[in-house]
Amino acid sequence: MKIAVVDYGMGNLRSVTKALEHVAGDLAEIILTANPAEVAAADKVVFPGQGAMPDCMKELTERGLKQAVLDAAYSRPFLGICVGAQLLFEHSEEGDTAGLGIFKGNVRRFPKMFDTHGQKLKVPHMGWNEMFKVHDHPLCAGISDAERFYFVHSYHFQPEEDITVLESAYPYRFAAAVARDNIFAIQCHPEKSHHAGLSLLKNFVNWNGNT
Ligand SMILES: NC(=O)CC[C@H](N)C(=O)O
């Protein structure tokens, strides 16, 4: 089985690739690729990313990978990570950027927020935070409720369809993982989230794309 990690020049590609190689072992060949034909030929696709949404969309488009990502998202097990997940929505407030429109909804910036002591909360939301199950999903198998994952983001999903699988809170609840059909998209960094993140990636390697 081949799993393509889409390389559009933005982000935490090496750590995602290494984490997938670690959990896949002999189960799958992990291919970090900027070649649309290799993405198209893969059995599963991982769409990572780190950086500003406008830059990511620009790089994706200019490297001729946009259609390959769209085709993959509609045809085989597909995992979006961080800004790779945000790009699947219709729009992001970050740079007023149009996304790929696979999920209905917006990607919204955390507003100015204060904790219960009146201390301003830092944005980006950076660090370990709990994830709470809203719906079961094969990629969450073996991961207990309130497991902690690693986040680095200033924007979060605002789905306009019933696709939320996991929520986190900072300090208000926000959708932190969404899924529909063969697509799973997660805001945090599973590749940097130790055993919980590796379990999720291992579940993706074993996932047949059904929910
Ligand atoms: N870590 C990131 O790449 C962050 C993604 C996006 N720019 C955000 O701030 O939410």
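I began at Leu20 and listed its contacts beyond four places in sequence: Leu20 touches Val5, Ile30, Val46, Leu201 and Val205. The model I am reading is a predicted one.

**Entry 1. The cores**

Next I looked up the nonpolar core around this residue. The largest nonpolar core has 39 residues, and Leu20 is listed among those with the most contacts inside it, together with Val46, Leu79, Met131, Phe184 and Ile186. I then noted which elements supply two or more residues to this core: strand 1, helix 1, strand 4, strand 9 (147–153), strand 11, strand 12, strand 13 and helix 6 (194–206). Helix 1 contributes the most, with six residues. I also found a second, separate core of 35 residues, which includes Val6, Ala73, Phe103 and Ile163.

**Entry 2. Strand 1 and its partners**

I went to strand 1, residues 2–6, and checked how covered it is. Four of its five residues are buried. On one side of the question of pairing, I found strand 2 (residues 29–33), which runs parallel to strand 1 and is joined to it by five bridges. Within that pair, Val5 stands opposite Leu32. I followed the chain between the two strands: it passes from strand 1 through helix 1 (residues 13–24) to strand 2, and this β-α-β crossover is right-handed. Strand 1 also pairs with strand 3 (residues 44–47), again in the parallel sense, over three bridges. There, the residue opposite Ile3 is Lys44.

**Entry 3. Helix 4**

I looked up which residues of helix 4 (residues 66–73) are buried, and I wrote down Ala68, Val69, Leu70, Ala72 and Ala73. The buried residues of this helix pack against strand 1, helix 2 (36–41), strand 3, helix 3 (53–62), strand 4 (78–81) and strand 13. Ala73 of this list is also a member of the second core.

I asked how many residues of strand 12 (residues 173–180) are buried. The count is six of eight, so strand 12 is largely enclosed by the rest of the structure. Strand 11 (residues 164–169) pairs with strand 12 in the antiparallel sense over five bridges, and the hairpin that joins them has three residues. Strand 12 also pairs with strand 13 (residues 183–186), antiparallel, over four bridges.

**Entry 4. His125**

I finished with His125, which lies in strand 8 (residues 125–133). Is this residue buried or exposed? Its relative accessibility is 3%, and buried means under 20%, so His125 counts as buried. I then looked for polar partners of its side chain. One is the side chain of Asn129, at 3.1 Å, and another is the side chain of His153, at 2.7 Å. Setting aside neighbours within four places in sequence, I listed the contacts of His125 as Phe110, Phe151, Val152, His153, Tyr170 and Phe174.

How values were computed
Residues numbered from 1 in each chain as written. Predicted model: local features only at pLDDT ≥ 70, side-chain atom pairs only at ≥ 80, totals over all residues. Heavy atoms only, no water. Buried < 20%, exposed > 50% of the residue type's maximum accessible area, 1.4 Å probe, protein only. Pairing = 2+ DSSP bridges. Right-handed = clockwise from strand over helix to strand, strands pointing away. Contact = heavy atoms within 4.5 Å. Polar contact = N/O pair within 3.5 Å; in protein donor to acceptor, adjacent residues only side chain to side chain. Core = buried A, V, L, I, M, F, W, Y, C linked by side-chain atoms within 4.5 Å.
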